[in-house]
Amino acid sequence: MWKRNDGKSEPDILQNQFTAYLATAVRRQRMQYIRSKSVRMSREIPIERWENQSVLQIDSDMLERLPLLQKMENQGLQSAIKEMKDRERYIFLERVLADKKIAELSLELGMEYKSVATTYYRAVGKIRRHMKEAEKNEF
């Protein structure tokens, strides 16, 4: 019958150790697989990219010089960011693109943590609404 493993008896301790061993082994195998796959992918170049490599390189160089809003392909996202207030746009872009934490932004802007968090989540909500509207308008 099934009994709760409290980790106090010898069989329970042994079972916990074995479970920890299996979990560690699986985690290591997964990490090894991911590493080998990323190494393999970095060495392999698909045929499509090989044939059009010069064209792709020129396109990426041109894209790097464009302003952020012109790089975006999603019109809903682009219009949502354009319609945001300056502070909302700044907080959203710094959080997403510069990967700044809300605490860092609150210190930088001289605002309270909760205010920055509220502004960020309000901006995310606006973007979601604009993208849903743009999606409805496409069809």
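These legends describe close-up views of a predicted model. Local features need pLDDT of at least 70 and side-chain atom pairs pLDDT 80 or more, whereas totals for chains, interfaces and linings use all residues. Residues are numbered from 1 along each chain as its sequence is written, and side-chain values use heavy atoms, leaving out hydrogens and water.

**View 1. Thr-119 in helix α8**. Helix α8 spans residues 113-138; helices are DSSP runs of H or I with at least four residues, numbered from the N terminus. Thr-119 is buried at 9% relative accessible area (buried is under 20%, exposed over 50%, partly exposed in between, with a 1.4 Å probe and protein chains only). A polar atom of the Thr-119 side chain lies 2.7 Å from the backbone oxygen of Ser-115. Leaving aside residues up to four places away in sequence, Thr-119 touches Glu-88, Ile-91 and Met-111 (contact means heavy atoms within 4.5 Å).

**View 2. The salt bridge of Arg-89 and Asp-86**. The N to O distance is 2.9 Å (a salt bridge is a side-chain nitrogen of Lys or Arg within 4 Å of a carboxyl oxygen of Asp or Glu). Both residues belong to helix α6 (residues 86-96), where they are 3 residues apart and so separated by about one helical turn. Arg-89 is partly exposed at 22%, while Asp-86 is exposed at 59%.

**View 3. Salt bridges at Lys-100**. Lys-100 pairs with Glu-94 at 3.1 Å and with Glu-108 at 2.7 Å. Glu-94 is buried at 19% relative accessibility; Glu-108 is partly exposed at 40%. Through shared partners, Glu-94, Lys-100 and Glu-108 form one network. The whole structure has 4 salt bridges.

Conventions:
Helix = DSSP H or I, 4+ residues; strand = E, 2+ residues; numbered from the N terminus. Polar contact = N/O pair within 3.5 Å; in protein donor to acceptor, adjacent residues only side chain to side chain.
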